Amino acid sequence: MKQIKFFRAWAIFFVAAFFLGFFLGAVCGGILGLVCNAMGIPLEEYALLLSAISWISGAIPSYFCFVWAVKKYLIPQVVKQVEHDSALKEGFRSF
C-alpha cells in the first residue's frame, strides 16, 4: 500500500478533527465561561476547569473523526492488499 493513501487518510482526519474539535471546544468553553461569569466567579478560579472542559469536548470529535477516517480510507485499502496477496499466493500454489 502506498504512503500517499496513509497521508490522505491522516490529512482528512487531521483537518476534520481540527475544525470540529475547535468548534465544539470553543462552544462548550464559551458557554461554561458565560455561565461562570454570570455567576460572578472570577476567571482565575474557573480557568483550569474551562480549559479541561474545552479540551475534553474537543477530543471527542477527534476520536470519531479518527474512527471514520480509518474505516473509510484505510481498512478498504488493507482488505484489497490482503485479498491481492492471498490471490498471488493461491496462484503460486497451483504450480
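This is a predicted model: local features need pLDDT of at least 70, side-chain atom pairs count only at pLDDT 80 or more; totals for chains, interfaces and linings use all residues.
Local features are reported only at pLDDT of at least 70 and side-chain atom pairs only at pLDDT 80 or more, whereas totals for chains, interfaces and linings use all residues. Residues are numbered from 1 along each chain as its sequence is written, and side-chain values use heavy atoms, with hydrogens and water left out.

Helix α1 covers residues 3–38; helices are DSSP runs of H or I with at least four residues, numbered from the N terminus. The 36 residues of α1 reach 51 Å from the first C-alpha to the last, close to the 52 Å expected at 1.5 Å a residue, where the expected span is 1.5 Å times one less than the number of residues. Just after α1, Gly40 adopts a positive phi of about 85°.

Within α1, the residues Ala9, Phe13, Ala17, Gly21, Gly25, Gly29, Gly33 and Cys36 are buried. Here buried denotes under 20% relative accessible area, exposed over 50%, and partly exposed in between, with a 1.4 Å probe and protein chains only. Phe19, also in α1, is exposed, at 53% relative accessibility. Phe19 contributes to a nonpolar surface patch of about 910 Å², together with Ile4, Phe7, Trp10, Phe14, Val15, Phe18 and Phe22. Such patches are made of residues with over 30% relative accessible area and no salt bridge, nonpolar side chains (Val, Leu, Ile, Met, Phe, Trp, Tyr) being joined within 5 Å and like charges within 9 Å. A salt bridge is a side-chain nitrogen of Lys or Arg within 4 Å of a carboxyl oxygen of Asp or Glu. Accessible areas come from the Shrake-Rupley method with a 1.4 Å probe, and for residues only the protein chains shown count as cover.

The structure holds 0 disulfides, a disulfide being a pair of cysteine sulfur atoms within 2.5 Å. The cysteine sulfur nearest to that of Cys28 belongs to Cys36 and is 13 Å away, too far for a bond. Cys28 is partly exposed, at 27% relative accessibility, whereas Cys36 is buried, with a relative accessible area of 8%.

Helix α2 comprises residues 43–93 and includes Ser51, which is partly exposed, with a relative accessible area of 45%. The C-alpha atoms of Ser51 and Pro76 are 37 Å apart, with the two residues separated by 25 residues along the chain. Ser57 is likewise found in α2 and is buried, at 8% relative accessibility. A polar atom of the Ser57 side chain lies 3.1 Å from the backbone oxygen of Ser54.

Definitions and conventions
Helices (H or I, at least four residues) and strands (E, at least two) are DSSP runs, numbered from the N terminus. A polar contact is a pair of N or O atoms within 3.5 Å; within protein, one must be able to donate a hydrogen and the other to accept it, and residues adjacent in sequence count only if both atoms are side-chain atoms.
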